[in-house]
Amino acid sequence: MSKEQLPDEASTIDGVSPTESTDTFLSKSGTPSEKLLIQSPHTPSSLHAKPWPARPQRLYKGIRGWRWWDSALDGVLVMLPIPFFVLAAAVATTLFPICFAAITGRAAIKYATWKLEQGTTIGTLEQLMGSRTVASAFTTQVQLRSFNIVGFLIILIWSLSPIGAQSILHILYTPVQATSSVSSVAYVNSRQQSYSNPHSSSSFRQQWFNSLAIEMGSMMIAPSEVKASTMDINGNVKIPYQSSVLASGIAPDSEGWVQISSLNATANGNLIWSSLFGIPAVGINFGNTTFNIESTYMELTCTNKTFESLEGPDGPSGPRINTTFVSTRGPYFSAEDPDLTDPWIIGYRGVDITAYNDTSEGAYVAPQFCPDCLSPDFMSQTIQAGTIAFQEFDGIDPGNATTVFCNPYQKYVESKVFCMKTENTQQCQVTAQRSSSLPHMPSEITYLNFPLVALGMSSLLKNITPIHDATNELQNYLVYDPMDPINVIDHDNSLLLGGGDLPSFLYEVELSDIGTRLGQILNAFVYGSTWNASVFLIGESFEGMQGNLFGGKNASFVPASRAELAAMIQNQTAAFTVPAVLTTHAQVYYCYFPWLWVFLFSTLVMLAGAITGVVFSRKTIVPDYLGFVSSLAKESPWIRMPDVGVNMDGMDKARLVKEVKVRLGDVSNAQGGHPDVGRLAFARLEETTKVKKDKLYV
């Protein structure tokens, strides 16, 4: 076969036939070491692998010269950065440095191989080959003392590996953001008419007074945490006395609001609740809801306290005086005269407002027992405030009586309520308060100016709590600290049965405390005597609210304006709906663009590295030589490999000689060198001896 007829893979060498095997070629022209390798049991021909090429080859890379897995690897590495452009997720934080190292490290090897083919310095090759990890990129430059543009670029590129990975974590951040929306809340009208009536045939006494008695008794003996809470035991929001709000010293704002969220209702606090019951409200959604409540309550100003003996004209041995200030005949009127076993009695003296209520043209006939039930003409009237007389009997025959005189005033307030509702809890509290701006009667006109309400109170209040073992819980609530339920339950302050320690009596209590506590009881009684009191007492749904000729209008569930609200109050609407602001807190996604640019730039560099690796791999015709132990072994004179297989890269050669045992050891014995001076070389195991610590080596 002539030279012109040789295939591309063959290379003519003088004296060698293209059809001769590698073993034949080496046996003819090889050195003694090469011949020794051929005869060694560790030669490539003795391995269970594909044989070495049979003859010399041209250096060539083309479509036919590329193996399919090389092309597949190039394709994978080029495609690998693309998902990072759309997948900036938490998992990408872990994968990014791994992919970056694989792509950039391979690009460095391919570029170094191309530079080696073109011709370059050893320093440049060391910089490239020694910078295949983040740490080595820095240490290699320091160890080589090569602070040049190549080293700077290497450090810059490898710095993008940790920075790009961390940038993924900072691209998106999810702060909790408050979003406000329009909502509505319905609440019970506390300004509607009372059904209080002392007569045994009245619907109030027959239908729901027993429930009121149970609920009020529960409130009075409730734990101190409940009494101090911003809500009652049914979850209704409590309204504070405006006087306690103003006593805090907090200045009102330009609209008259006094902020009270920082106050408290503990025994030593400034905030004092106006009733045992709170105002029921429904329609509160998940999140934070703010709305305003219009409400009314009676506040008592106690001005005088007297102490007198009940001894009759016949002396201690005669009957005691049963009536002094309070009786069915006055001067302070009660529905019943006090009995010898009564621990206390309450009466009222004031203007009978029903005697003047002739001009009302309301649609509802009876009972119109509420200040807002009156004709608007009364708003300009001046009426003297009535007086409550609460009389306590100490029970020690013939006994003494302590009488406290208090003036009731009807207060009208607007309270700003804040409710926070979650899946498991709901907490509401009044955060600000001001005087009501809606039309209302003078404060001297109270529910007690309607005789049936006052007489019903005097008759039924003493039945609110049972009298047992000379203990009356209502009386104890006035005398002792109501924040301590044990005091309300245990103390025997009437001593009707005699015996026991001498307790404290009403004459020892401050007038202001009596007014506060008695006012809370009276307001709870009025709230519980309204037509739809079941929402106060048992938390009944608003859907059951009904109106009739005697009960006012049905509940309204359409958000009302201020003018509509005033009209509905005048019409004794059972409950009304007001606008509210619902604030929900949710995590929102924000993109931090500086970190996004860092991430995109790092990913682009990684993509450029993948393309660089493919380009220089295609531009290079020499096999991959750098970074393989087989390449080092091929160049060692002590491990001669066949000179053929030039198109085989380092890994191909490594697979063929992977069973050959080598050592970096002393080869002086094989050379017949000086016994005291060794020669360090990379050679086959059988041609070396182990190095010794104190021996000299070249």
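A: Start with the criterion: a disulfide is a pair of cysteine sulfur atoms within 2.5 Å. The model is predicted, so local features need pLDDT of at least 70 and side-chain atom pairs count only at pLDDT 80 or more, while totals for chains, interfaces and linings use all residues. Residues are numbered from 1 along each chain as its sequence is written, and side-chain values use heavy atoms, leaving out hydrogens and water.

Q: How many disulfides does the structure hold?

A: The structure holds three. C302 is joined to C406, with 1.9 Å from S to S. C370 is joined to C373 at 2.0 Å, and the sulfur atoms of C419 and C428 are 2.0 Å apart. In sequence order of the bonded cysteines, the pairing reads 1-4, 2-3, 5-6.

Q: Which parts does the pair C302 and C406 tie together?

A: Strands here are DSSP E runs of at least two residues, and helices are H or I runs of at least four, numbered from the N terminus. C302 lies in strand β5 (residues 287-309) and C406 in strand β10 (residues 400-421), so the link ties parts 104 residues apart in sequence. The torsion about its S-S bond is about 90 degrees, so this disulfide is right-handed.

Q: Are C302 and C406 buried or exposed?

A: Buried means under 20% relative accessible area, exposed over 50%, and partly exposed in between, with a 1.4 Å probe and protein chains only. Both C302 and C406 are buried. C370 is also buried, at 0%, and C373 is buried at 5%. By contrast, C591 is partly exposed at 30%.
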